[in-house]
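Please look through the sequence and the model below before reading on. The notes that follow take up helix packing, a sheet and an aromatic pair.

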Amino acid sequence: AISGFVHQDDLFVATVTPREQLDFIAALTVDLGHLKARSEKISAREAIVNKALRDFGLERCADVLIGGGAAQIKGISGGERKRLSTASVCIGSPALLFLDEPTSGLDSYMAFEVVDLLSKLASKGHTVVATIHQPASDVFERFSHLLLLTVTAESGGRIAFNGLRERAPGHFSAVGLSVPDFFNPADFYIRCLAVRTGDDASKEQIKKILAFCEACSSQMAQDALEPDQNRAGLAAEEATPASSFVPGNWLQLRMLFKRASTALSRDPVLTKARIGQTLAISLVGGSIYAYSADEEANLVQNTMGSSFFMVLNQGIVGILGVIQVFPLEVPLFLREVSSRKYTVGNYLLARMFAEVPIQLSAPFLFGAIVFFLARLRPLHDGGDWVCFFGAMAAITLTANASVSMGYAVGALCRTPQVALAVAPALLLPLVLFGGLLLNSDDVPPYWIWLEPLSFIKYGYHLVSVFVWRDRGQLDLKATGFPDGDAVLDYLSVDPKDTAANFGALVALIMGWRLLAYLFLLRRAKIESGSGM
């Protein structure tokens, strides 16, 4: 790359290691197309990553989780995070490297380590430009050039000095401002250029400095350019030539899927908490309905309640699990998309495929536990087992429709707090149209347009069909209903709509995810000018 930019805030996937982070960046940044065999490409990439870990002093923490994130995972230190940020950018060997306040939030030792690393990069032929506030004296001395800025009421920001750091003391001495002995020069320059409210003397002092700067502008420009020309040969030898490498779609999908799968398997919020929550709620809810499973008089009411409980739980858990985490990942996504490492579509596809195991297993496990504890349907023959698996398919699709809605809300909202406020407002009307709280035949005509969006309704109707269909008088004595079909008539559920209900759930899954893609694409275009 021609240039690279290291942001002030360090954004990473919390549950990957520095080695895995650099491997991901190297795969999408370094062109290894000249190598034919995949094993050669992997070996070359490993060599690049190991060199970066060694050059940036990250070998000791190479296999430690980066940390942070929604679960506040303990990980590497602040200085190591900053070095990892710089290494992630430098893997592409940019000739020009920009850094936004690389020492912010670091103690004096860590700040020196980071700036010393930047100085070594500059000695290898890279041009390093960094903004920094009030550096310690040893940090200040690692810079070869200095650009000081100040502000005036008449013209806003102005350059007060631009040139070799060693010439700054003489520049200020020429206007009667000598650096005191044993005083940090950086602190002195900041005091000289600071505008103090109500102090006309400081304003006059700044005007004097700016006037002298303008008088010496040609000399300072020459001082700033000469060292760069002297290092041109070194830069040509050591800095990698600029490359227009753009990773292919398959490579993007493979690396994104690998990172997402690794992160999800270690994430305590999306995996461990989800499984624990599934087991706990299903056992508690199922045991409540199990107590009255033999009461024939209340069989229909309790079965309708447990069926709706399964659908509603997965409808809520699915969306809440996504909107608490997904908005936190979007800033990193926008940053990586802006650097053209991958596209919006590939990011969403890889993330969704990585979540398939947990999004299939958790709803099925929840539904199976409640189904058997509440004894929703006797399993006497193969037809009853078909109904069981049909009900589990309905629960799983309902959960995934809810997750898809969570993707769209998370992509639209900038923070989890906003998403948590928006999601209930969208979800609760869909619950009302679910089929239990309001009969489907009694939906007001002025709200009929909203009913087709209710995945709760489709899920509940499907579960009801698989629970009550083909259940005879033997199972329903003392309930007041002659058979299961009578219960379905009471609920205004038509078994003939089974295929249509399954199709509606699949359509909602695809529709919500398409909205999530469009929302992310729009944000990528607005905030980074990229994403196609």
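Which residues in α1 meet which residues in α2? Pro18, Arg19, Leu22, Asp23, Ala26 and Ala27 in α1 meet Arg45, Ile48, Val49, Asn50, Ala52 and Leu53 in α2, where contact means heavy atoms within 4.5 Å. This is a predicted model, in which local features need pLDDT of at least 70 and side-chain atom pairs count only at pLDDT 80 or more, while totals for chains, interfaces and linings use all residues. Residues are numbered from 1 along each chain as its sequence is written, and side-chain values use heavy atoms, with hydrogens and water left out.

**Helices α1 and α2**

- Helix α1 (residues 18–29) packs against helix α2 (residues 38–55) at an angle of about 125°, and their axes are 9 Å apart; helices (H or I, at least four residues) and strands (E, at least two) are DSSP runs, numbered from the N terminus.
- Axes are lines fitted to C-alpha atoms, for helices over the stretch in contact, and angles run from 0 to 180 degrees between N-to-C directions.
- The two helices α1 and α2 are therefore oblique to each other, given that angles under 35 degrees count as roughly parallel, over 145 as roughly antiparallel, 65 to 115 as roughly perpendicular and the rest as oblique.
- The crossing of α1 and α2 is right-handed, a term used if the near helix is turned clockwise from the far one by less than a right angle, with anticlockwise giving left-handed.
- The contact of α1 with α2 divides into eight nonpolar, one polar and three charged residues, where Ala, Val, Leu, Ile, Met, Phe, Trp, Tyr, Cys and Pro count as nonpolar, Asp, Glu, Lys and Arg as charged, and the others, Gly among them, as polar.

- Three strands form an open sheet in the order β1-β2-β3, and the pairing is parallel; two strands pair if DSSP finds at least two bridges between them.
- Strands β1 (3–6) and β3 (127–131) stand at the edges, each with a single partner strand, so one side of each is left without a neighbour in the sheet.
- Neighbouring strands of this sheet are turned by 15° against each other on average, direction ignored.
- Strand β2 (residues 96–100) is joined to β3 by five bridges, and phenylalanine 98 has valine 129 in β3 as its bridge partner.
- Helix α3 (residues 78–90) packs on the sheet, where α3 touches β1 and β2, and the direction of α3 makes about 160° with that of β1.

**Helices α3 and α4**

- Helix α3 also packs with helix α4 (residues 108–123), at an angle of about 20° and with the axes 9 Å apart.
- That angle makes α3 roughly parallel to α4, and the crossing of α3 and α4 is right-handed.

**Helices α13 and α18**

- The axes of helix α13 (residues 299–323) and helix α18 (residues 416–432) come within 10 Å and cross at roughly 155°.
- That makes α13 roughly antiparallel to α18, and α13 passes α18 in a right-handed crossing.
- Among the residues that meet here are Phe308 and Leu312 in α13 and Pro416 and Ala419 in α18, and by class the contact of α13 with α18 has 12 nonpolar, one polar and no charged residues.

**Aromatic pairs**

- A search of the whole structure finds 22 aromatic pairs; rings of Phe, Tyr and Trp (its six-membered ring) pair if their centres lie within 6.5 Å, and planes under 30 degrees apart count as stacked, over 60 as edge-to-face and the rest as tilted.
- Phenylalanine 364 and phenylalanine 389 form a stacked pair, with 6.4 Å centre to centre and 25° between the planes.
- This pair links distant parts of the chain, with phenylalanine 364 in helix α16 (residues 356–373) and phenylalanine 389 in helix α17 (residues 382–412), 25 residues apart.
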